[in-house]
Amino acid sequence: MILPIYLYDHPVLRQKAEPITEITPELRKLARDMLETMYAAYGIGLAGNQVGVPRQIIVVDIGKEEGMERPLVLLNPELIATSAETVDMEEGCLSLPELRESVTRPASVQVRYLDLQGQERQLEAEGLLARVLQHEIDHLQGLYFVDRLPAIRRLFLQRKLERIARGEIVPPYPVVFGPTAVAQAPKVL
Ligand SMILES: [Zn+2]
């Protein structure tokens, strides 16, 4: 089932996601639905908050070009190490349509998480995978990639962010707008 994606500035995207304590059939279904939603929107990562569920779950699929055969579902993901070396890479976000910016982040990371079987796992990642993992783990903390930009660059983006918040940028996938857009929507008499 394709779920609607919550857009900036919906409050759920600022919420800190709760840890997952039990792997239930509903959680497995949520993981499947999140993958379906991500693929339908041509995304490569999606966090629980982005489908209105502030729980610590992310899904990632960066495709085969980096040798990753299957999608990843990570529960309670935690960055346990990051490289001192940083790298600039352009990021976009399904919750921030039509906005792309170069962000500086650690080049490689080590992540600890639970898989859908409840097994504790660790993975080391660099390149695009390291980037997507950091972006999605940020969502679980209530952060957007634009929060990682220097203040001056964020200032330049302010008008575009306000347009998204007002519901003026409508992406080609089902969405839930934030309160500003809902308040400004034309009333049906
Ligand atoms: Zn995002």
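## Strand pairing in the sheet

In strand β7, Val111 is the bridge partner of Leu79. Strands here are DSSP runs of E of at least two residues, and helices are DSSP runs of H or I of at least four residues, both numbered from the N terminus. The structure is a predicted model, in which local features need pLDDT of at least 70, side-chain atom pairs count only at pLDDT 80 or more, and totals for chains, interfaces and linings use all residues. Residues are numbered from 1 along each chain as its sequence is written.

Two strands are said to pair if DSSP finds at least two bridges between them. In general, strands of a sheet pair through backbone hydrogen bonds, either parallel or antiparallel.

Five strands, in the order β2-β3-β4-β7-β8, form an open sheet with antiparallel pairing. Its edge strands are β2 and β8 (120–126), each of which pairs on one side only. From one strand to the next, the twist averages 40°.

Helix α1 lies across β2, β3 and β4 and runs at about 45° to β3. Such angles run from 0 to 180 degrees between N-to-C directions, using axes that are lines fitted to C-alpha atoms, for helices over the stretch in contact.

## The nonpolar core

The largest nonpolar core has 44 residues. A nonpolar core is a set of buried Ala, Val, Leu, Ile, Met, Phe, Trp, Tyr and Cys residues joined through C-beta atoms within 7 Å. A residue is buried if 20 or more other C-beta atoms lie within 10 Å of its own, exposed if 12 or fewer, and partly exposed in between, with C-beta atoms placed from the backbone. The residues with the most contacts inside this core are Leu7, Met34, Leu46, Ile58, Val59, Val60 and Leu133. Elements that each supply at least two residues of the core include α1 (25–40), β3 (57–60) and β4 (72–82). The largest share, six residues, comes from α2.

Ile58 touches Gly45, Leu46, Ala47, Leu74, Pro77, Glu136, Ile137 and Leu140, not counting residues up to four places away in sequence. Two residues are in contact if their C-beta atoms, placed from the backbone, lie within 7 Å.

## Glu101 in strand β6

Glu101 is found in strand β6. Glu101 is classed as partly exposed because 18 other C-beta atoms lie within 10 Å. Leaving out residues up to four places away in sequence, Glu101 touches Glu90, Glu91, Val146, Leu149 and Arg153. Glu91 is 10 residues from Glu101 along the chain, and their C-alpha atoms are separated by 5.5 Å.

## Helix α3

Helix α3 (residues 151–165) bends by about 45° at Leu157. The bend at a residue is the angle between axes fitted to the seven residues ending there and the seven starting there. Just after α3, Gly167 takes a positive phi of about 80°.

## The chain as a whole

The chain has four helices and nine strands, which follow the pattern β-α-β-β-β-β-β-β-β-α-α-β-α along the sequence. Buried residues make up 34% of its 189 residues. Of the contacts with a separation of 6 or more, 64% join residues 24 or more positions apart.
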